[in-house]
Amino acid sequence: MKKILGIMLLFFVSCSALNQMAHSSIESERVDLLSKSIVVKMPNPVHFQKENYEEGVVYIYTFNDGGCIIFHEGGLMQFDVDSYKPSAIVNKKGHTIYVGKENNRCWRKDVCKGVQFYYYNVPTENKEKYDMLFDSIKIFNKK
(Lines give C-alpha, C1' and ligand atoms only; values in the text may rest on other atoms or scores of the structure.)
Protein backbone atom coordinates (compact mmCIF):
# COMPACT_ATOMS: atom_id res chain seq x y z
CA MET A 1 0.00 0.00 0.00
CA LYS A 2 2.84 2.42 0.85
CA LYS A 3 4.47 1.72 -2.53
CA ILE A 4 1.24 2.53 -4.38
CA LEU A 5 0.80 5.77 -2.42
CA GLY A 6 4.44 6.65 -3.06
CA ILE A 7 4.08 6.04 -6.80
CA MET A 8 0.87 8.05 -6.94
CA LEU A 9 2.49 10.93 -5.05
CA LEU A 10 5.50 10.84 -7.39
CA PHE A 11 3.16 10.85 -10.39
CA PHE A 12 1.19 13.88 -9.15
CA VAL A 13 4.35 15.82 -8.30
CA SER A 14 5.85 15.14 -11.73
CA CYS A 15 2.61 16.17 -13.45
CA SER A 16 2.60 19.37 -11.44
CA ALA A 17 6.21 20.09 -12.43
CA LEU A 18 5.42 19.40 -16.08
CA ASN A 19 2.43 21.70 -15.90
CA GLN A 20 4.60 24.52 -14.49
CA MET A 21 7.18 23.97 -17.23
CA ALA A 22 4.50 23.94 -19.93
CA HIS A 23 3.26 27.35 -18.82
CA SER A 24 6.75 28.81 -18.74
CA SER A 25 7.42 28.52 -22.48
CA ILE A 26 8.04 31.93 -24.02
CA GLU A 27 6.18 33.01 -27.15
CA SER A 28 6.01 36.22 -29.11
CA GLU A 29 2.61 37.85 -28.67
CA ARG A 30 1.18 40.64 -30.83
CA VAL A 31 -1.31 42.89 -29.04
CA ASP A 32 -3.40 45.09 -31.34
CA LEU A 33 -4.68 48.19 -29.61
CA LEU A 34 -6.44 51.20 -31.19
CA SER A 35 -3.63 52.96 -33.04
CA LYS A 36 -0.65 50.92 -31.86
CA SER A 37 0.49 47.32 -31.88
CA ILE A 38 2.71 45.85 -29.20
CA VAL A 39 5.03 42.91 -29.68
CA VAL A 40 6.10 41.19 -26.48
CA LYS A 41 7.72 37.87 -25.65
CA MET A 42 5.99 36.34 -22.66
CA PRO A 43 5.07 33.00 -21.12
CA ASN A 44 1.72 31.42 -21.85
CA PRO A 45 -0.88 32.96 -19.54
CA VAL A 46 -3.26 30.95 -17.40
CA HIS A 47 -6.07 33.30 -18.39
CA PHE A 48 -6.47 35.90 -21.16
CA GLN A 49 -9.18 38.50 -21.60
CA LYS A 50 -9.73 41.25 -24.18
CA GLU A 51 -12.24 44.05 -23.64
CA ASN A 52 -13.27 46.61 -26.24
CA TYR A 53 -15.16 49.64 -25.01
CA GLU A 54 -16.21 52.94 -26.60
CA GLU A 55 -13.00 54.77 -25.69
CA GLY A 56 -10.41 52.02 -26.04
CA VAL A 57 -9.24 48.45 -25.67
CA VAL A 58 -7.76 46.45 -22.78
CA TYR A 59 -5.89 43.13 -22.79
CA ILE A 60 -5.45 41.33 -19.44
CA TYR A 61 -3.16 38.33 -18.94
CA THR A 62 -2.97 36.30 -15.71
CA PHE A 63 -0.09 33.94 -14.86
CA ASN A 64 0.58 30.95 -12.57
CA ASP A 65 2.47 33.05 -10.00
CA GLY A 66 -0.57 35.32 -9.52
CA GLY A 67 0.94 38.14 -11.57
CA CYS A 68 -1.18 40.06 -14.07
CA ILE A 69 -0.24 42.10 -17.12
CA ILE A 70 -2.49 44.75 -18.65
CA PHE A 71 -2.05 46.47 -22.03
CA HIS A 72 -4.31 49.49 -22.56
CA GLU A 73 -4.89 52.27 -25.05
CA GLY A 74 -7.78 54.67 -24.74
CA GLY A 75 -9.49 56.97 -22.31
CA LEU A 76 -11.86 56.78 -19.37
CA MET A 77 -10.33 53.62 -17.88
CA GLN A 78 -8.78 53.33 -14.42
CA PHE A 79 -7.18 50.27 -12.88
CA ASP A 80 -6.38 49.58 -9.23
CA VAL A 81 -2.67 49.98 -10.06
CA ASP A 82 -3.32 53.62 -11.01
CA SER A 83 -4.08 54.38 -7.36
CA TYR A 84 -0.87 52.78 -6.00
CA LYS A 85 1.82 55.14 -4.70
CA PRO A 86 5.10 54.65 -6.62
CA SER A 87 8.38 54.24 -4.81
CA ALA A 88 10.24 55.41 -7.93
CA ILE A 89 9.46 57.19 -11.21
CA VAL A 90 11.83 56.99 -14.19
CA ASN A 91 11.54 59.14 -17.31
CA LYS A 92 13.31 58.01 -20.49
CA LYS A 93 12.69 59.87 -23.77
CA GLY A 94 8.88 59.97 -23.59
CA HIS A 95 8.65 56.70 -21.67
CA THR A 96 7.64 57.01 -18.01
CA ILE A 97 7.96 54.06 -15.63
CA TYR A 98 6.32 53.94 -12.20
CA VAL A 99 7.30 51.11 -9.81
CA GLY A 100 6.41 50.07 -6.30
CA LYS A 101 5.07 47.45 -3.94
CA GLU A 102 1.55 46.89 -2.73
CA ASN A 103 0.66 44.13 -0.24
CA ASN A 104 4.24 42.78 -0.48
CA ARG A 105 3.80 42.27 -4.23
CA CYS A 106 5.55 44.21 -6.99
CA TRP A 107 3.89 46.38 -9.58
CA ARG A 108 4.96 48.53 -12.52
CA LYS A 109 3.17 50.96 -14.83
CA ASP A 110 4.68 52.14 -18.11
CA VAL A 111 3.30 55.02 -20.18
CA CYS A 112 4.80 55.25 -23.65
CA LYS A 113 3.53 56.55 -27.00
CA GLY A 114 -0.05 56.89 -25.74
CA VAL A 115 -0.13 53.29 -24.47
CA GLN A 116 -0.16 52.09 -20.86
CA PHE A 117 1.05 48.69 -19.79
CA TYR A 118 1.06 47.36 -16.27
CA TYR A 119 2.09 44.39 -14.23
CA TYR A 120 0.91 43.91 -10.69
CA ASN A 121 0.56 41.28 -7.96
CA VAL A 122 4.00 39.93 -8.92
CA PRO A 123 6.02 38.02 -6.29
CA THR A 124 9.31 39.74 -5.47
CA GLU A 125 11.31 36.73 -6.71
CA ASN A 126 9.71 37.08 -10.19
CA LYS A 127 10.02 40.87 -10.53
CA GLU A 128 13.17 40.66 -12.65
CA LYS A 129 11.44 38.37 -15.18
CA TYR A 130 8.53 40.77 -15.55
CA ASP A 131 10.92 43.74 -15.86
CA MET A 132 12.85 41.97 -18.63
CA LEU A 133 9.57 41.23 -20.39
CA PHE A 134 8.49 44.89 -20.19
CA ASP A 135 11.93 46.16 -21.21
CA SER A 136 11.72 44.05 -24.39
CA ILE A 137 8.32 45.42 -25.51
CA LYS A 138 8.24 47.01 -28.95
CA ILE A 139 5.48 49.47 -29.89
CA PHE A 140 4.52 50.10 -33.51
CA ASN A 141 2.03 52.40 -35.21
CA LYS A 142 -0.76 50.48 -36.91
CA LYS A 143 -0.85 50.93 -40.67
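Which residues on the other side of α2 are exposed? In this predicted model, local features require pLDDT of at least 70 and side-chain atom pairs count only at pLDDT 80 or more, whereas totals for chains, interfaces and linings use all residues. Residues are numbered from 1 along each chain as its sequence is written, and side-chain values use heavy atoms, with hydrogens and water left out.

Helices (H or I, at least four residues) and strands (E, at least two) are DSSP runs, numbered from the N terminus. Helix α2 spans residues 127-135, and its residues Y130, D131, L133 and F134 are buried (under 20% relative accessible area; exposed denotes over 50% and partly exposed the range in between, with a 1.4 Å probe and protein chains only). These four lie on the same side of α2 because they cover an arc of only 160 degrees around the axis, the arc being that of the directions from the helix axis to the C-beta atoms. On the other side of α2, the exposed residues are E128, K129, M132 and D135.

The buried residues of α2 pack against β2 (36-43), β5 (68-74), β8 (105-112) and β9 (115-122), contact being defined as heavy atoms within 4.5 Å. Strand β9 is itself mostly covered, with six of its eight residues buried.

Two strands pair if DSSP finds at least two bridges between them. Antiparallel pairing joins β9 to β5 over five bridges, and C68 stands opposite Y120 in β9. Strand β9 also pairs with β8 in the antiparallel sense, over six bridges; here D110 stands opposite F117 in β9. The hairpin of β8 and β9 has two residues between the strands, and K113 takes a positive phi near 55 degrees in this hairpin.
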